[in-house]
Amino acid sequence: MNEVEIFLTHTFETKINKTNLKKFCKNVFILNKFFEYKVSIIFVEKTYLRKMKKDYFKKDLFTDVIAFNLNDKNESIDGEIYLSIEVIKDNAKIYGVEIEEEIKRVLSHGILHLIGYDDDTTEKKNQMTFLEDQSLKSLKDINITC
């Protein structure tokens, strides 16, 4: 089943290497000991992601990532991760990192949500940040932008 699909719903200046993006995602799952998954990575405009955040989470704000689990409990992971390159790019500037690193961090974050991690408390957020950092360090040689 191990499948990663990528959908680019609009044109933006950052070019994505789909093959390496899939490789990165697969390796994040492996690092976290998950071996059965199907995930769609969907790049959308920031206004669309903001609407999703409002519709599904009752929060009217821009966000960089939203992840949805589509599987039932105790089934293989089946999910969707929606990303906004525009917000990711803004965040990269704020945090003083390359867009490549910020995309990887946000993708890792979305995958961690799919495998069951939450960030609704400071402790849980710190745990997710630690795991994101591990992914970035372990997979630094996979270039996902062109």
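**Salt bridges and a buried arginine**

Tutor: Asp120 counts as exposed, at 55% relative accessibility (exposed is over 50%, buried under 20%, partly exposed in between; 1.4 Å probe, protein chains only). This is a predicted model: local features need pLDDT of at least 70, side-chain atom pairs count only at pLDDT 80 or more, and totals for chains, interfaces and linings use all residues. Residues are numbered from 1 along each chain as its sequence is written, and side-chain values use heavy atoms, with hydrogens and water left out.

Student: Which residue forms a salt bridge with Asp120?

Tutor: Lys124, with the closest N and O atoms 3.4 Å apart. A salt bridge is a side-chain nitrogen of Lys or Arg within 4 Å of a carboxyl oxygen of Asp or Glu. Lys124 is partly exposed, at 34%.

Student: How many salt bridges does the structure hold?

Tutor: Six. One of them pairs Arg105 with Glu132 at 3.1 Å, N to O. Arg105 sits in helix 4 and Glu132 in helix 5, so the pair ties together parts 27 residues apart in sequence. Helices are DSSP runs (H or I, at least four residues), numbered from the N terminus.

Student: Is Arg105 buried or exposed?

Tutor: Buried, with a relative accessible area of 19%. Glu132 is buried too.

Student: What does Arg105 touch, leaving out residues up to four places away in sequence?

Tutor: Thr129, Glu132, Asp133 and Leu136. Contact here means heavy atoms within 4.5 Å. Salt bridges that share partners also join Arg105, Glu132 and Asp133 into one network.

Student: And Asp55, what's its salt-bridge partner?

Tutor: Lys51, at 2.7 Å between the closest N and O atoms. Both are in helix 2, four residues apart, so about one helical turn separates them.

Methods:
Helix = DSSP H or I, 4+ residues; strand = E, 2+ residues; numbered from the N terminus.
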